[in-house]
Amino acid sequence: MPPTASQNGAKSKAHKDDLDGLIEKEQLPSGREDLVEPLVAHSQRERILNAMAEACAKKGFGATTIADICEVAGVSRATFYELFRDKEDCLQASMELSLADAMGRIVEVYSPDKPWATMVRDATATFLDLLASRPDFARMALIEAPAAGGRSVEMYASGKRVLQALLDRGRSDPIEEQGIPSSAGRGALAAAESLIVGQILAGNTERLPELLPDIVYIVTIPYLGQDEALRQSREAEKSLHRNG
Amino acid sequence: MARATKEGERWKPPRGRHKLPPEVVSRSQRERLLEATMRVVAEKGYGATTVTDLTRKAGISRTTFYELFEDKEACFLAAYDNAVDGLVRQINVAYEAEERWPDRARAGLATLLAALAADPELARLALVDVAAAGPAAQRRFRAAVQRLTPFFDEGRDFAPGGRGVPANASRMAAGAVVGLISDELVEGRADELPSLLSDLLFATLVPYLGPDAAAREVGEVTR
């Protein structure tokens, strides 16, 4: 979700070293504007994306103006328009980065060798931690984007489809699958999302990781049955205490 | 009020000087305004809607509007709650008419789907576009979902293993129902909502009964 965060392991480490190197060379000799400019633009872009999430969290995307965004970001209107076409374009850029980051992190814990339920638990825990660490982005991606119209809605929907595909893998090793509607995965995801969004709107975003046992229960029960879902939920509870 | 009105026509107080107590006039104006607000916002979107749009549609003066509400947002929030009240009342009547919890759930869901399918524009506003109306409206939407949880919570008493089910199950099940309906609305398939009944019933029952028993209940309904 955060546009600053890394994509994945080794590659981002190398990338980070590159960036550190550049920052160390901050006192670049004059005449190297070609190097400085992209760096400044990059950080301004990041500031604007952060500012938009912050402004949206207060007023909602609809009521947020470019002036609001510029004020929070501490950039001029001209800078905003150099980097983004309009408010929608800015939201879209933010969604792109947020999605890439969320997917990158989920891919990191995803492994076809893990039992399905373990994978679901790890992916859910990762996702909840990520949302909790960036409350404004969590709000933007899950609440504002789906209602904003245009590309942002599509990106929100495609993110959901990826999670659903992950979940539907449960159908290849289910205990029972007779009569289970094809919408079971979508329903389970909507159930989890609703609980998450409720917490965000109640101002409890930082406590999202505590929802892990409940979410593990609701997303595994259609596939694994109640006894096993309860067992997985208890495992999730234990993992929470181990890590928290 | 024994006054004949044509089918579908809302009774309005007589124009001009009349002896109706002011609070009656005001209540009727308020109701007209609330309905007009949902209609206009559903058509134009919240952001593009002006107070003038609302007063024009409701046939009330600007002065009356500001006597009733502070601003557009306050009016929309009241209109939204009013619409949700109506829906929950309808669901409740259908739900209470049945005995067993799975039957109650089916009846409630069928009523919800029929009501939403009958007015797709309003359905979309109530479930999807409400999020575009700002943080206060988003919280009202969440509160509306929360109002559905008692219908689900009864599964805890009905199901043999219900006691062990997480306390948040009802919130999640309500979220699943609303989410699956929203998916249809976003895809523009409001007229097909009634065919969603078995999926919604499964989503309602599965947290409490598990997949096997939930699928059996759903099968019995569709047969």
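The questions and answers below concern a predicted model of chains A and B.

Residues are numbered from 1 along each chain as its sequence is written, and chains are lettered from A in the order in which they are written. In this predicted model local features need pLDDT of at least 70 and side-chain atom pairs count only at pLDDT 80 or more, while totals for chains, interfaces and linings use all residues.

Q: What ipTM and pTM does the model score?
A: Two scores are given for the model as a whole. The pTM is 0.83 and the ipTM is 0.85.

Q: What is the mean pLDDT of chain A, and which residues of chain A stay under 50?
A: pLDDT is the predictor's confidence in each residue, from 0 to 100. In chain A its mean is 83, and 80% of the residues reach 70 or more. For the stretch where pLDDT stays under 50, the model has 30 contacts beyond four places in sequence (a contact means C-beta atoms, placed from the backbone, within 7 Å). That stretch is residues 1–31 of chain A.

Q: What pLDDT does chain B average, and over which residues is it below 50?
A: Chain B averages 90, with 90% of the residues scoring at least 70. The stretch below 50 has three contacts in the model beyond near neighbours in sequence. It covers residues 1–8 of chain B.

Q: How many helices and strands does chain A have?
A: Helices (H or I, at least four residues) and strands (E, at least two) are DSSP runs, numbered from the N terminus. From the N terminus on, the elements of chain A run α-α-α-α-α-α-α-α-α-α-α. The count for chain A is eleven helices and zero strands.

Q: How many helices and strands are in the secondary structure of chain B?
A: Read along the sequence, chain B follows the pattern α-α-α-α-α-α-α-α-α-α. Its secondary structure comes to ten helices and zero strands.

Q: What percentage of the residues of chain A count as buried?
A: A residue is buried if 20 or more other C-beta atoms lie within 10 Å of its own, exposed if 12 or fewer, and partly exposed in between, with C-beta atoms placed from the backbone. Chain A has 244 residues. The buried share of chain A is 43%.

Q: Which helix gives the largest share of the side of domain 1 of chain A that touches domain 2 of chain A?
A: Chain A is divided into domain 1 (9–86) and domain 2 (91–243), with bounds from an automatic or database domain assignment. Ten residues of domain 1 are in contact with eleven residues of domain 2. The largest share of the domain 1 side, six residues, comes from helix H2 (residues 33–59) of chain A.

Q: What span does helix H5 of chain A reach from its first C-alpha to its last?
A: Helix H5 of chain A takes in residues 87–109, 23 residues in total.

Q: Which helix gives the most to the side of chain B that touches chain A?
A: The contact takes 37 residues from chain A and 38 residues from chain B. On the chain B side, the elements that give two or more residues are helix H7 (135–147), helix H9 (169–186) and helix H10 (197–222). With twelve residues, the one that gives the most is H10(B).

Q: Why are the buried residues of helix H8 of chain B on the same side?
A: The buried residues of H8(B), residues 149–158, are B:Phe151, B:Phe152 and B:Gly155. They are on the same side because, taking directions from the helix axis to the C-beta atoms, they cover an arc of only 95°.

Q: Is B:Val165 buried or exposed?
A: B:Val165 lies in the loop between H8 and H9 of chain B. Not counting residues up to four places away in sequence, B:Val165 touches B:Arg156, B:Pro207 and B:Tyr208. Because B:Val165 has 26 C-beta neighbours inside 10 Å, it counts as buried.

Q: How far apart in space are B:Ser170 and B:Pro207, C-alpha to C-alpha?
A: B:Ser170 has its place in helix H9 of chain B, and with 23 C-beta neighbours inside 10 Å B:Ser170 counts as buried. Leaving aside neighbours within four places in sequence, B:Ser170 is in contact with B:Thr149, B:Phe152 and B:Asp153. B:Ser170 and B:Pro207 are 37 residues apart in sequence, and their distance in space is 8.3 Å.

Conventions
Contact = placed C-beta atoms within 7 Å. Expected span 1.5 Å × (residues − 1).
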